[in-house]
Amino acid sequence: MVVLSADLPAGLRMLSLLALSNLAGLSSGAAILPRDDVPAGYVAAPYYPTPYGGWDDDWADAYTKAADLVSQMTLAEKTNISSGTGFFMGPCVGNTGSALRLGFPQLCLQDGPLGVRTTDNITAFPAGITTGATWNKQLMYERGVALGQEFKGKGANFYLGPSVGPLGRKPRGGRNWEGFGADPVLQGIAGAQTIKGVQEQGVIATLKHAIGNEQEEYRMYSVIQAGYSSNIDDRTLHELYLWPFADGVHAGTGALMTSYNAVNGSADSQNAYLINGLLKDELGFQGIVMTDWLAHLSGVSSALAGLDMNMPGDTLIPIVLGTSYWMYELTRSALNGSVPMDRINDMATRIVATWYKLGQDQDYPPPNFSSNTRDREGPCYPSALISPTCVVNQYVNVQADHATVAKAVAQEAITLLKNNGSFLPISTSVPLSVFGTDAQTDPAGANSCTDKSCNRGLLGMGWGSGSADYPYLDDPISSLKRKAGNVTYYDSDTFPSSIPTPGANDVAIVFINSDSGENSYTVEGNHGDRDASGLSAWHNGDALVKAAAAKYSNVVVVIHTVGPLVLEPWIDLPSVKSVLVAHLPGQEAGDSLTEIIFGEATPSGHLPYSIPKSEDDYPSSTDLITFEFLGQAQDTYTEGLYIDYRYLNKNGKTPRYAFGHGLSYTTFALSSVSLTSVTELTTLPPTRPAKSTSVVASLNQTIPAASEAYYPSGFNRIWRYLYSWLDSGEADAAYAAGQSGTEYAYPAGYSETQKAGPPAGGPSGGNPALWDVAYTISATVRNTGASHAGKAVVQAYVQYPSGSAYDTPVIQLRDFIKTDSLATSSSSTVELSLTRRDLSVWDTTLQNWVVPAGEFKIWLGQASDDLGWVCSTSTGACQESDAGPV
Ligand code: BGC
């Protein structure tokens, strides 16, 4: 959900709303503002037409059935299933129209990435960033399975997640925590595992937000600003930002959501280069592309650019006027010939095919909850002026045993940054003094702030549409008190002025946090992004740690955070013995943590981003951009491939804790590392497969009779509800205009001839050869410690050939694996793999993935700065190396 005006400085909000409501009455067109020029070299080139769906053999059955159903639909039915019925015009955050005559239901779209939003009896899972920090592919998948079961149990057809955009380019970016970490491979693998788990339950995953939504502020279009333009060069786009979307498409995601902002000057929801070109032709995406909420800016242009569904259906001003750029307008555009019928057929077929592909034609439950109210009964259409009453909440409990997987993720994510003298774990009999309000549930209630739009008490998730309600919250202080004999809690973020002198063995546990979220809310001066707090702990957390460290000789710091924090104010203090990052644990924040503190479990999380010594260690191009009155802020990715560890390594800046860092209570050693060549790589991938013929081409492309769009006679309209019908006079007029010979002013580069597709393209993710395994790496991992069992994470980074014409980061993560728990002195063998894509660069001239000539080094280890083994693709040999690549 969005609050449009929140993107604006306070003084301008009212002005903007007034202006917007005026504008909305004028036209259904999109040209709101003249745009600032995008810097030279950043191009969103025209790409037309939209490739038909249905040329991937894996989708063939679903498309055959879908084409059969769509061939029986009237025009108004086709446009009805492609559009939302309006904000708050149904139980879910988004609701499509239906074609009930043919058995095609209204579809329910619901947030969000960590749980079914705004409802009860669900599991509040750990956030994406927490999941990324587990580096455990199996758990990523199991969390997806559990999420899928809960969405289906509530009757939601779509899971509006996972999020892999933002990627985490900006450390202050507000929604990085919804995704899995500041690296395309970590994002791509975690996103794909989530999609698999969710979709195996029959729920349509919606991979979001494509692309360039790297900051929250100024993301949206209004009359006083255009949403910022993320200006991304072709190579960076392919190797960083599009990368995890390719993985998600490859994993079969049924839907993709575009983002609010523009890419290279063209708004993402109508960016033909992005949707038609990259997503649908190069990645060969066969499913549904939808807008973000209220990001729909035009009728015809967005349809031609490849959009298939607008959400929640309204124009920029929701509810008030009951207007849409689609629904009845899309019907009109088809009748008057501006949107060709094959595009209408294609979008409808994509939607129906996705529904069949996920098996939703087989007894899929309708929604049994309302995201609008907790009452049992309420208006069926809350934003209608007059609405019938429905039973809207049946309070179905979908939790099953999902608390187990939620706790496992929360626990396996916990990242031990520092543990001087193996201070942790400690005994439950040690006297404990606990400081910081973050140790306990918000005293006003775990769900006291809408969408978690406050930071009071334990921080288990960020704020906005990516949040969910806690069914309960196991907070750390309750868990500490359950387990330990002597716990004193100081429920304040200010160190008490007088406390008893601690004994030499007393331990202080200090809880601090850092929050962020969606721009729809401002929390303690932070407008979604951490624009006010920066990378410092909230609520004077640094001072609290320093004060505790001055008084106690044993301090353990626990951090709940959305992303990196600068720890320099206290990290080197001798009494700060141990630091645990518990990320955003969701409902299972208590025992998951205290079992680590007391040694019932061994930490095995690793950082999904770097922790720099100073925010200034990052390039200024990744700072937050500022407001551009009556213009479009330009967010130009001049740092190219160099974000997070890629930038720090290139510039010789040693982080405090490197990407992938994470200690254990035990130690692990790698041995017997070997590299096996599986597929010999040519410089360019083999020729892509040709597209098979799409059934969409066989659907009737003639503009139908206007009567297909008439309101049924005697139909009782709900005021402000969005319908796809027109009054007969309007429909007749549109049809007549279409027959008059006047052509719509199509955009430059417009064409209606289907293309063969680019050389790098192919079904479901691009040229299938990109996923050929080039090498496998095998290694033995041994627990070399004396007293603790534990899980190890093995990470593989690739170093491209030196002297290559392609400037490439020193090392880049390409695969990882987590072992099962290894008892002391026991070992296991792990296997990692590298695909053709993992060893390629995007060549902007050839417009293809190229394997540079020369020797690749594959580095293996337990963090990006702890890579003790190296294999050479030239010799095939692997050896231990003290030097490391960075
Ligand atoms: C967010 C999306 C979300 C949608 C529906 C938007 O504001 O950006 O991530 O799915 O609202 O709530």
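How are helix 5 and helix 6 oriented to each other? In this predicted model, local features need pLDDT of at least 70 and side-chain atom pairs count only at pLDDT 80 or more, whereas totals for chains, interfaces and linings use all residues. Residues are numbered from 1 along each chain as its sequence is written, and side-chain values use heavy atoms, with hydrogens and water left out.

The axes (lines fitted to C-alpha atoms over the stretch in contact, with angles from 0 to 180 degrees between N-to-C directions) of helix 5, residues 137-154, and helix 6, residues 184-199, come within 7 Å and cross at roughly 40°. Helices here are DSSP runs of H or I with at least four residues, and strands are E runs with at least two, numbered from the N terminus. Helix 5 and helix 6 are therefore oblique to each other, a class that holds the angles left after those under 35 degrees (roughly parallel), over 145 (roughly antiparallel) and 65 to 115 (roughly perpendicular). Contact (heavy atoms within 4.5 Å) between them involves residues including M140, Y141 and L147 of helix 5 and L186, I189 and V198 of helix 6.

Helix 8, residues 243-250, is mostly covered, with seven of its eight residues buried, that is, under 20% relative accessible area with a 1.4 Å probe, protein chains only. These buried residues, among them W243, F245 and V249, pack against helix 6, helix 7 (234-241) and strand 4 (204-210), among other elements. Helix 8 is followed by G252, whose phi is positive, near 95°. F245 is also one of the residues touched by I211, as are I232, L237 and Y241.

Methods: Buried < 20%, exposed > 50% of the residue type's maximum accessible area, 1.4 Å probe, protein only. Lists of a residue's contacts leave out its neighbours within four places in sequence.
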